[in-house]
Amino acid sequence: MADISNSQIRDQLLDRRSKLEDALVSYPKDSQLLRLLDEVDAAVARVNEGTFGLCEACKEAIEPERLIADPLVHFCLDHMSPDQQRALELDLKMASQIQNELLPKHGFQVAGWETAYYYEGAGPVSGDYCDLLSHGDDLYFTVGDVSGKGVAASMLMAHLHATFRTLVSLELPLDQVMQRASSMFCQSTLSSHFATLVCGKADSSGEVEICNAGHNPPLLIQGTSIEEIHATGLPLGMFCDEQFSANTLRLAPGDTLLLYTDGLSEAQNTSGVEYGTERLFECVRTHRSLAPENLISLCVADLETFRSGGPKTDDLTLMVIKRLSRNP
Ligand SMILES: [Zn+2]
């Protein structure tokens, strides 16, 4: 994750200060507001002294994601008090629960389409974005990856979730959905943040429109053929006026799309070798005729076999969309 500049931090803190002062006009004796104002002033002083972002105990850099989530923190994780550590653990547990509630339900089916997904964060929360929803007879599916990891990335993931759900309900063409989402993401986040993402819309005739904004190419599996659907645009949120274009595919009954994040393709084993797309192709070719849920389980199992106890360093998402043999 890229650093944010001291002037951006100072601006954020001063903005927070003026909001607190506004609130104090209505509640002049509120002890919590007064304490927060002191903390903001102390943080501004640290920016001015050039010690912002350094732990007060060990003088080492504080974890950047924690600073972005809360610029008032002034101890690194190792030097928080037991009470502070417990409070942080509780916060993370609640964030993880909220994130799980944002996930689509398993076994989601829409007019002739069967779906399955697998979602696992490297830590308690994930920066991957995974959603399935229906609008009319259409199925919308998205898999994305927000830059960075941890709490800050998971907040941006929740932001994308709300943005897409709102835009889909407006019945805009897919390229417009992507353009608006990118512009909203760009305007509301720090310049260092962006998201790679695939968004698709599948209708009951088997037509699939798909936009790939700088994301790992989804696999289109038709019989023995496996084809990658390459990116047609830059990641979301890089620039506020990005344009996107959609590909149109036609899927016959039994045809399948597999979407994934780089937590799969770039996972490493204990020798530092990457899982890679060749192994993914092989796994998909072997199990291509299975139901979505089984195809995903076997891909995840193959990844575990490959990793053989190597550390999980990135968030992981897989999604499969399969056209059913017959409309229900
Ligand atoms: Zn420290």
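Here are some friendly notes on this predicted model, point by point.

1. **Ground rules.** Residue numbers start from 1 in each chain and follow the sequence as written. Because this is a predicted model, local features need pLDDT of at least 70 and side-chain atom pairs count only at pLDDT 80 or more, while totals for chains, interfaces and linings use all residues.

2. **Overall picture.** The protein has 9 helices and 11 strands. Along the principal axes, the C-alpha trace spans about 65 × 45 × 30 Å. Of the 328 residues, 35% count as buried. Here a residue is buried if 20 or more other C-beta atoms lie within 10 Å of its own, exposed if 12 or fewer, and partly exposed in between, with C-beta atoms placed from the backbone.

3. **Contacts and domains.** Two residues are in contact if their C-beta atoms, placed from the backbone, lie within 7 Å. Among contacts between residues at least 6 apart in sequence, 68% join residues at least 24 apart. The protein is divided into domain 1 (6-80) and domain 2 (105-323), with bounds that come from an automatic or database domain assignment. Taken over C-alpha atoms, the centres of domain 1 and domain 2 are separated by 36 Å.

4. **The helix pair α1 and α2.** The axes of α1 (residues 6-26) and α2 (residues 31-49) come within 10 Å and cross at roughly 160 degrees. Axes are lines fitted to C-alpha atoms, for helices over the stretch in contact, and angles run from 0 to 180 degrees between N-to-C directions. α1 and α2 are therefore roughly antiparallel to each other; the cut-offs are under 35 degrees for roughly parallel, over 145 for roughly antiparallel, 65 to 115 for roughly perpendicular, and oblique for the rest. α1 passes α2 in a left-handed crossing, a term used if the near helix is turned anticlockwise from the far one by less than a right angle, with right-handed for clockwise. Residues of α1 that meet α2 include Ile9, Leu13, Leu20 and Leu24, and among those on the α2 side are Leu36, Val40 and Val47.

5. **Met80.** This residue lies in the loop between α3 (64-69) and α4 (82-102). Met80 is partly exposed because it has 18 other C-beta atoms within 10 Å. Leaving aside neighbours within four places in sequence, Met80 is in contact with Phe75, Gln85 and Leu88. Phe194 is 114 residues from Met80 along the chain, and their C-alpha atoms are separated by 30 Å.

6. **The five-stranded sheet.** An open sheet of 5 strands has the order β3-β4-β5-β6-β9, with antiparallel pairing. Two strands pair if DSSP finds at least two bridges between them. At the edges are β3 (128-135) and β9 (247-250), each pairing on one side only. From one strand to the next, the twist averages 15 degrees. Strand β6 (residues 207-213) is joined to β9 by 4 bridges, and Ile210 has Asn247 in β9 as its bridge partner. Helix α5 (residues 150-169) packs on the sheet, where it touches β3, β4 (138-146) and β5 (195-202), and its direction makes about 20 degrees with that of β3.

7. **α4 against α5.** The axes of α4 and α5 come within 11 Å and cross at roughly 30 degrees. That makes α4 roughly parallel to α5. Ala95, Gln99 and Leu102 of α4 make the contact with Val151, Ser154, Ala158 and His161 of α5. This crossing of α4 past α5 is left-handed.

8. **Around β7.** Which residues of β7 are on the covered face, and which on the uncovered one? In β7 (residues 219-222), Leu219 and Ile221 form the covered face, and Leu220 and Gln222 the uncovered one. In a regular strand, side chains alternate between the two faces of the sheet. β7 pairs antiparallel with β8 (residues 225-228) over 4 bridges, and Leu220 stands opposite Glu227 in β8. The hairpin of β7 and β8 has 2 residues between the strands, and Gly223 takes a positive phi near 60 degrees there. β7 also pairs antiparallel with β10 (residues 256-260), over 3 bridges; the bridge partner of Ile221 in β10 is Thr256.
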